[in-house]
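Subject: Structure for you to look at

Hello,

Here is the structure I promised. Please open it first, then read my notes beside it.

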Amino acid sequence: MSRRFVLRPLGALLVVALVPLALAACGGGDSEGNGDESEATPTAAATYTLGDIVIVGPAARANPNPVSSVYMHIENRGSQADRLVGVACPLAGMAQIHEVVTEGGQSKMQEMAHGLEIPPGGHVELKPGGYHIMLMDLERPLQEGETIEVTLRFERAGEITIAVPVRSYDTESTDSGMGSGMGSGMNH
Ligand SMILES: [Cu+2]
């Protein structure tokens with residue numbers, strides 16, 4: 001079964017949210033990039049195409065606190081750079097694009113005010129300890145197994161709403177602040 005769904009940049013936003021729900025039943029398989037941990041759990045790596053931009057395997061972090069991070073692999077198959085410039089989630093009072101920087105031996109995360117560049121012919125990983133989409137002021141904590149909607153806006157490719165499964169991550173991961181110590185660092 002093909003996992004690739006080609007979407008028109010405009011007009012497909014309502015359709016796209018339904019696609020990964022169907023895919024979730026398909027089990028693991030030949031995802032591009034990060035298909036290396038999908039033996040037991042049926043975490044199919046959903047793929048979305050928006051113009052030259054390809055998004056693979058989005059996932060959000062389950063967290064008892066009303067904040068979360070969203071990760072994914074973003075490719076740019078075009079010949080011009082694009083840029084993720086906006087993110088939104090209906091459950092989140094605020095959503096930002098974050099990077100993790102190290103200052104004085106301590107890593108912290110901060111908003112990327114000018115967005116995240118996706119180089120032509122290249123890709124960017126949003127992953128624990130690195131770039132991520134930060135969801136804040138969530139209506140409720142996100143629980144493993146549910147699916148949330150996240151809208152991504154690219155400077156060139158336009159806007160897409162994707163369905164993002166919530167999964168649990170090792171709290172000992174290097175993802176800054178997403179374990180117990182969230183909270184105080186959230187006001188940047
Ligand atoms: Cu963050």
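**Valine 70 and its surroundings**

Start at valine 70. Leaving aside neighbours within four places in sequence, valine 70 is in contact with Pro58, Ala60, Leu126, His132, Ile133, Leu135, Val150 and Val164. Keep in mind that this is a predicted model.

Which residues touch the most other members of the largest nonpolar core? They are Val70, Ile133 and Val150, in a core of 38 residues. Strand β3, residues 53-61, gives the most to this core: six residues. As a general point, nonpolar side chains tend to be buried together in soluble globular proteins.

**How the strands pair**

Valine 70 also has a bridge partner in β10, and that partner is isoleucine 133. Strand β4 (residues 68-76) and strand β10 (residues 132-138) run antiparallel and are joined by three bridges. Strand β10 also pairs with strand β6 (residues 92-103). That pairing is antiparallel too, over six bridges. Look for glutamine 96, which stands opposite methionine 134 in β10.

**Glutamate 125**

Now move to strand β9, residues 123-126, where glutamate 125 lies. Is glutamate 125 buried, exposed or partly exposed? Count the other C-beta atoms within 10 Å: there are 15. A buried residue needs 20 or more, and an exposed one has 12 or fewer. Glutamate 125 is therefore partly exposed.

Which residues does glutamate 125 touch, not counting those up to four places away in sequence? The answer is His73 and Gly130. From C-alpha to C-alpha, glutamate 125 and glutamate 75 are 8.7 Å apart in space, but 50 residues apart in sequence.

**The whole chain**

The protein chain has two helices and twelve strands. From the N terminus on, the order is β-α-α-β-β-β-β-β-β-β-β-β-β-β. Of the 188 residues in the chain, 31% are buried. Take the contacts between residues at least 6 apart in sequence: 67% of them join residues at least 24 apart.

**Where to be careful**

The average pLDDT of the chain is 79, and 67% of the residues score at least 70. Over residues 1-41 the pLDDT is below 50. Beyond near neighbours in sequence, that stretch has 65 contacts in the model. Over residues 172-188 the pLDDT is also below 50, with 27 contacts in the model beyond near neighbours in sequence.

Best wishes

Notes. Residues numbered from 1 in each chain as written. Predicted model: local features only at pLDDT ≥ 70, side-chain atom pairs only at ≥ 80, totals over all residues. Helix = DSSP H or I, 4+ residues; strand = E, 2+ residues; numbered from the N terminus. Contact = placed C-beta atoms within 7 Å. Core = buried A, V, L, I, M, F, W, Y, C linked by C-beta atoms within 7 Å. Pairing = 2+ DSSP bridges. pLDDT = per-residue confidence, 0-100.
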